Amino acid sequence: MNSLEKELLASLDAGRDRSIAFLRDLLRIPSPNPPGDTRAAANFLQKALSDAGLEPRVFSPHPEMPNIVAGFDGGHAGRHLVLNGHIDVFPVAAHEWTRDPWGGEIVDGRIYGRGACDMKCGLASITLAFLHLHAVRDRLKGRLTYTAVSDEETFGPWGARWMFENHRDLMMGDCLLSGEPSSPLCVRFGEKSPIWIAINIRTPGGHGAYTHTSTSANKIAGAIVTALEEVADVPVRAPDNLVAMFRDPSIAAQVDEGCGIGHASYISKPTLNIGRMSGGLKVNVLPSECRVEADIRLPVGLTREEMRPVIAEILSRFPEATWEELSPPHDSPNWSHPGGEMMQILQDTVVGFGRRRPVPVITLGATDTRLWRYNGVPAYIYGASPDTMAAADENVLIEDYLHILKTHVLAAARYLGSA
Amino acid sequence: MTTLAETLLSEIESRREELIALLQGFVRTPTANPPGETVAGAAYLETFLKSRDLPYRVIAPQAHMPNLLATFDTQRKGRHLVLNGHIDVFPPGRDEHWRHGGPWSGTIEDARLYGRGTADMKCGTIASFVTYALLHRHRDKLAGRLTLTAVSDEETGGKWGTGYLFKHHRDEVAGDCCLNGEPSSAHTVRYGEKTPHWLVFTIRTRGAHGAYVHMSDSANKIATRLMAALESLTELRSDMPEAVARNLSDAAVRQALDDGLGKGAADLVPKVTLNIGMIEGGLKTNMIPSECKLEADIRLPVGVSKARMRTEVERILQGFPQVSVEEVSRPDDEANWCDPDGEMLHLIQDAAVRVTGIRPVPVITLAATDARFWRLSGVPAYIYGCSPDLMGTYDESVGVEEFLNVVRVHALSAAAYLAQ
């Protein structure tokens, strides 16, 4: 460990309480998406950057969904690393929580709140990492860019996607590091890709006692949900090296330990989630309309072009149903080199902290990192445990958060190099 | 010698215009429920009784929902017949959708009288009042007792109407038989009805990110499996009383049900039906839903009790530990029936043949009425009224002649039941 790295760690240790307070403050600013209004949380981040003398640029193609970009050059020429996080979080079903979802409470060494793992922990971490590195910028090589975007949770058009379409030059670099949840035991180098579809079922409807007068939109929806399970059996042709990696029992075991039992086995399989079902007007009316929203995840080795006809065939058995695709139509499963330089830096940095060497993982969820991969930029994710992601009582271990912050700081410093 | 029946028919004929105006005036008095404000409707009926010096009582546990109770004894011992009708009607919906002068117009066009409640059931309630007044005038030719009940709060369950009368004035209103003028059509007499059993199922799971299908059960997928499992309820075999089973296998009865309620209706009368009226689960496409609600409208036929249905549902739910259930229909109701071959049924049939030339067949129907209070107390209750086809619609109406026929059939069958 060189002297710069030692200094950085010392300043992180000294700033421990401020780092914890920073995440708690960020969690106390609601930014659920939908509806996706992130202005208050974005203001908080901007202020942190401005207070350090940076001049963040803000792009708000949607007035309630700002995107923040900041950057600095090191004292010497070198490579360009981009940090990325998103400001919006999942919505909250408040009655299911035993903690205040916007309270930032600390209980038994954990910080609670919506976004604690997805991904205000990671967002706080890349923000603070950026500020710590900015403070020593003269001794760093290359360039560091900070991007904090909105509209990620719904893969809407106003966040990273808009930035790539309109300011690609600001987003591009030689490598991307993201703080999305990965579990401290894993580094994400690739991800599955979602196909989201909305299915609308229409029937004549009628009185609820007169079940002979019409088919039921809700019952047809039930039959469709059952039939759609067939998408999980569509064959997958993944690259041999990836197949081998996740068949390795020790890698699979660590993936499951970090990302949840069963994760490894779903990396190479399509999955089906029925996110929403909504049908009918009243208990005693035969429903004339039902809407189903399905979330299908494609593994590496299965394209949208292969999956679409399967969906179309299943739904063609139900003449009462029409459907449309809700997800971006050109996304695909994506990955960076599982043995790439940033992967090794992250692994070595974590081992240097006395923790277990994180294993490379392809994750089930999609993130904005796909946009960098589509543009040829290797992208890696290191962040919190996904254990309570999107669930009630979402939380992060304080020690994990501080570990992730240290890892981001050192990995970025090592990637850029110092003079 | 002129029979009482002939006298009644000729008196109805001579008062034809007066009777039509009587129904018109009642229709022009709004009594929508909800909100259930029926004071004006009750006052209208009170005027009818007062002007004929017929004593009555107002029983109003809710001041805005009065019930009327009138009774007379003849000079001879005999049986006690109770007439029952309701004052409240369905809400009118949107005024601008009515094609015949609005919901309370009472307009007559092409020999049909239009307005909310004409069919359900102001036609029938007026028939009860006219029958009561006519038979009172001729009480010297009758035996036993005749009681008239006009209630509010039928459309919303009867707690403050017939249910209240049965709870607090049972001796006065139960009687030996009930005649009710709810819609039935000229082709049927209703002697029984299925009962609604409404259940709200709540499925709760942990929830998770939608890509992490190994992290949580899906409330929506469980709801789907529950829906499929609940279908087995429709296969339950009812312990159908033999008299009902015989009635339901009668070809004429089956034809009348299919004609009246749509093809296939006859098959459903003896069966449990399941409608999943509402399903609502999940917050977002890409979250594994942690909660889903199903609202099921189960209709129990005669021979399947609520207690048995509860046991069956509990049995199904043993396979669904994530599901809780709440009953939202009235827990004390049951599918109900009286003798499809009973005396009053034959009297109604005979009167109908005489008046309309049509012999109505006895049927069990899917709709719930206040007649259930009598049947569940062991008192036979029969329904004969106008066609139900337009009830609750923006064209709700009753044929003028159809209305007069209901009056005639009620008067004749009530008189026959109380004949010396």
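Which strands of chain B does helix α14 of chain B lie across, and at about what angle to β18(B) does the helix run?

1. The model under discussion is predicted. In chain B, helix α14, covering residues 400-417, lies across β4, β5 and β18 of that chain, and the helix runs at about 75° to β18(B). Helix α4 of chain B, made up of residues 118-137, lies across β5 and β18 of chain B, and its direction is at about 50° to β18(B).

2. The strands named above belong to an open sheet of three strands in chain B, which has the order β4-β5-β18 and antiparallel pairing. The edge strands are β4 (108-109) and β18 (397-399) of chain B, each of which pairs on one side only. Between β4(B) and strand β5 of chain B, the latter formed by residues 112-114, the antiparallel pairing extends over two bridges, and within this pairing I108(B) has L113(B) in β5(B) as its bridge partner.

3. The domain assignment divides chain B into domain 1, given as 4-193 + 335-417, and domain 2, given as 195-254 + 268-327. The C-alpha centres of these two domains of chain B lie 36 Å apart, and their contact takes 13 residues from domain 1 of chain B and 13 residues from domain 2 of chain B. On the side of domain 1 of chain B that touches domain 2 of chain B, β8 (188-193) and β16 (361-365) of chain B each supply at least two residues, and β16(B) gives the most, with four residues. By residue class, that side of domain 1 of chain B divides into nine nonpolar, one polar and three charged residues.

4. Two cis peptide bonds in chain B deserve a look by the reader. One joins N33(B) and P34(B), with omega at about -5°, and P34(B) lies in the loop between α2 (16-27) and α3 (39-51) of chain B. Another joins D120(B) and M121(B), with omega at about -10°; here M121(B) is found in helix α4 of chain B, the helix that lies across β5 and β18 of chain B.

5. Positive phi values in residues other than glycine come next. A390(A) is not a glycine, yet its phi is positive at about 65°, and the residue is found in the loop between β17 (379-381) and β18 (395-397) of chain A. Is A390(A) buried or exposed? A390(A) counts as buried because it has 28 C-beta neighbours inside 10 Å, where the cut-off for a buried residue is 20 or more.

6. S185(B) also has a positive phi, near 80°, and is a residue other than glycine. S185(B) has its place in the loop between β7 (177-180) and β8 of chain B, and β8(B) is among the strands supplying residues to the side of domain 1 of chain B that touches domain 2 of chain B. With 21 C-beta neighbours inside 10 Å, S185(B) therefore counts as buried.

7. In chain A, strand β6, spanning residues 141-149, runs antiparallel to strand β2 of chain A, residues 67-73, and six bridges join the two. Within this pairing, V69(A) stands opposite T147(A) in β6(A). Strand β3 of chain A, residues 76-86, pairs with β6(A) in the parallel sense over eight bridges, and H80(A) has R143(A) as its bridge partner in β6(A).

Methods:
Residues numbered from 1 in each chain as written. Chains lettered and ligands numbered in written order. Predicted model: local features only at pLDDT ≥ 70, side-chain atom pairs only at ≥ 80, totals over all residues. Pairing = 2+ DSSP bridges. Contact = placed C-beta atoms within 7 Å. Axes fitted to C-alpha atoms, helices over the stretch in contact; angles between N-to-C directions. Domains from an automatic or database assignment. Nonpolar A, V, L, I, M, F, W, Y, C, P; charged D, E, K, R; others polar. Buried ≥ 20, exposed ≤ 12 C-beta atoms within 10 Å, placed from the backbone.
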